[in-house]
Amino acid sequence: MHDGHSRPLFSFPSSPAASRGGGPARLVAAVTALSALLLTAGCGSSGTTSDSPEPGASAAKGFPVTVDNCGVTTTYTEPPSRAVTIHQHPAELMLSLGLKDRMAGTSYPDSAVLPALREDFASIPQLSKQAPSFEKVLDTDPDFVYGGYASAFAEKEGRSREAFRDAGIDTYLNRENCAGKKGVTMRDTYAEIRTIGRIFGVSDRASSLVAELRTRVDKASAAVKDARDVSVFVYDSGDKSAFTAGGKGLGNELIDLAGGRNVFSDLDDVFGDVSWEQVVDRKPDVIAIYDYAGTTVAQKKKFLLSRPALADVPAIRNKRFVVLPLTDTLVGVRSADAVGDLARGLHPESFK
């Protein structure tokens, strides 16, 4: 499906078009550490933490806060109290900051929820399995809408940011959707967390979460620092051509941090189509398969292994695949998981 990330309709032999309505489960690294962070932040509790706004006048401590986001400037005089998220990664980011009690609804789950967040996620009303209508969002009486992909604010579907503004509702779009040609890096992940922390008046929690994620990324990168670079081809989808991760997306840096080299880092976009002849010419050692609802990982592997033209590609010949949930490769709280999983997949010898 089109998620606003310049991604085409998924095309695959004998497979329906993908519709991001749910995904396979996965085990998440360092669940214990994340759970401890949530407990420290007071997630799901009725108690007050050091950076929890108090009722009344103290609720506006540290405000006003002005945020420039994808060309939209918003000044918050107090933290939002009834937020709606469209797409899963914004919801998980908010829950990781202990903001469950300020979420009026969520929508469009596209992966299994992180284990540490499942209980809190389940307690929030799900408005829709896909993007909810403008009216459905308004029914929750929100004061803030946080979109994960540009399609969250699709004008043709009546959900433009202008429409929400006219209804007196503030909006925020994940920064990955407006990075332009400068590209997306882990700095954007950390900045996204800090910005949401500022908007909701929980900057201390955001700083703690950033520090925890940064530590995990640094640890995984250090483990493969002296390992040989492994060439990686990202396979998202496609049959007549391959839809892959280019050099401008977060996926490219995740590969670098994990001790790999994206064979299409010269593709001047976040995602793009390449020919199978190009894949053969670049001889990737490993194929990273992006996993999301629709065509299964097993179907993707079967397709790749069945193509005679790819038979001599090292990754195909040696059946070397690494699977990453698409949500892990986005600007959000899962990107540290992606670095760790990639590093282990590319350099298993470094983790024995």
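Which residues lie nearest the centre of the largest cavity? I looked this up in a predicted model, where local features need pLDDT of at least 70 and side-chain atom pairs count only at pLDDT 80 or more, while totals for chains, interfaces and linings use all residues. Residues are numbered from 1 along each chain as its sequence is written, and side-chain values use heavy atoms, with hydrogens and water left out.

**Entry 1, cavities.** I took a cavity as a set of points, on a 1 Å grid over the protein atoms alone, where a 1.4 Å probe fits but cannot get out, with lining residues having an atom within 4 Å of a point. I found 3 cavities of 30 Å³ or more, and the largest holds about 70 Å³, the volume being the space filled by probe spheres set on the points. Of the 13 residues that line the largest cavity, Glu176, Gly251, Val270, Phe271 and Thr329 lie nearest its centre. Helix α8 (residues 250-257) gives the largest share of this lining, 3 residues; helices are DSSP runs of H or I of at least four residues, and strands are runs of E of at least two.

I counted strands as paired if DSSP finds at least two bridges between them. Strand β8 (residues 230-235) runs parallel to β12 and is joined to it by 4 bridges, with Phe233 partnered by Ile287. Strand β13 (residues 321-325) is also parallel to β12, through 5 bridges, and there Ile287 has Phe321 as its bridge partner.

Notes:
1 Å grid on protein atoms, 1.4 Å probe; cavity = no way out; pocket = protein on both sides within 12 Å on 5 of 7 lines; lining within 4 Å.
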